[in-house]
Amino acid sequence: MTKERKQEFTRRITQANRSGLVLIKFEMLFDYFDDICRAFAEKNEQEVKNGVRHADAVLKSFQETLDFQYGMSAQLFSLYDYHRRQLAKVFIRNSLEDLEQSRNMLQKTYEAFREAAKQDKSGPLMRNAQQVYAGYTYGRHDLNESYDTGSSRGFLA
């Protein structure tokens, strides 16, 4: 994942609500899948291993944040566990077949979460984060973003 993409995810996370955070984590997972495919094509075994490790960490975070008061959580846990095993097969079998299958299944899950996120009108999870304003000015090739630096974000004594 590129440095710019990491910065974009970081900025989006500070502004996201619960549903938005789930969508961002899925997008991060898909980026790691792309990294695995790229490294596999370049025959870079270490980068494949790093990509698998990062993608597995995202899937593990999905499992760790499930609320088992809801029946759907047990099904999602099993689903994420299956995909973690598929990731391990990528490295062991030296094949992307299992990764592609996982990606297709997770894409459908992502679409379902995206539809559910449209109904979530809650505010951002991070209350004391820097506010981002987009659209005040335009750069040569894209939109410039401004950050609110006037408010105090630290501890007050």
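Leaving aside its neighbours within four places in sequence, R84 is in contact with D56, L59, K60 and Q63, where contact means heavy atoms within 4.5 Å. This is a predicted model, in which local features need pLDDT of at least 70 and side-chain atom pairs count only at pLDDT 80 or more, while totals for chains, interfaces and linings use all residues. Residues are numbered from 1 along each chain as its sequence is written, and side-chain values use heavy atoms, with hydrogens and water left out.

R84 sits in helix α4. Its relative accessible area is 23%, so R84 is partly exposed; buried means under 20%, exposed over 50%, and partly exposed in between, with a 1.4 Å probe and protein chains only. From C-alpha to C-alpha, R84 and A55 are 8.4 Å apart in space, and they are 29 residues apart in sequence.

Let us step back to the protein as a whole. It has 5 helices and 2 strands, which are DSSP runs numbered from the N terminus (helices: H or I, at least four residues; strands: E, at least two). From the N terminus on, the order is α-α-α-α-α-β-β. Of the 157 residues, 31% count as buried. Among contacts between residues at least 6 apart in sequence, 57% join residues at least 24 apart.

Now to helix α3. Its buried residues are V48, N50, G51, V52, A55, V58, L59, F62 and Q63, and what covers them includes α2, α4 and α5. Here are the residue ranges of these helices:

| Helix | Residues |
|---|---|
| α2 | 18-41 |
| α3 | 45-64 |
| α4 | 72-93 |
| α5 | 97-117 |

At 1.5 Å a residue, the 20 residues of α3 should span 28 Å, and its end C-alpha atoms are 28 Å apart, which agrees. The expected span is 1.5 Å times one less than the number of residues.

How do α2 and α3 pack, and at what angle? They pack at about 160°, with their axes 8 Å apart. That makes α2 roughly antiparallel to α3, a term for angles over 145 degrees. Their crossing is left-handed, meaning that the near helix is turned anticlockwise from the far one by less than a right angle.

In this packing, residues of α2 including V22, F26, L29 and F33 meet residues of α3 including V48, V52, A55 and L59. By class, the contact has 14 nonpolar, 3 polar and 2 charged residues. Ala, Val, Leu, Ile, Met, Phe, Trp, Tyr, Cys and Pro count as nonpolar, Asp, Glu, Lys and Arg as charged, and the others, Gly among them, as polar.

Terms used:
Axes are lines fitted to C-alpha atoms, for helices over the stretch in contact, and angles run from 0 to 180 degrees between N-to-C directions. Angles under 35 degrees count as roughly parallel, over 145 as roughly antiparallel, 65 to 115 as roughly perpendicular and the rest as oblique.
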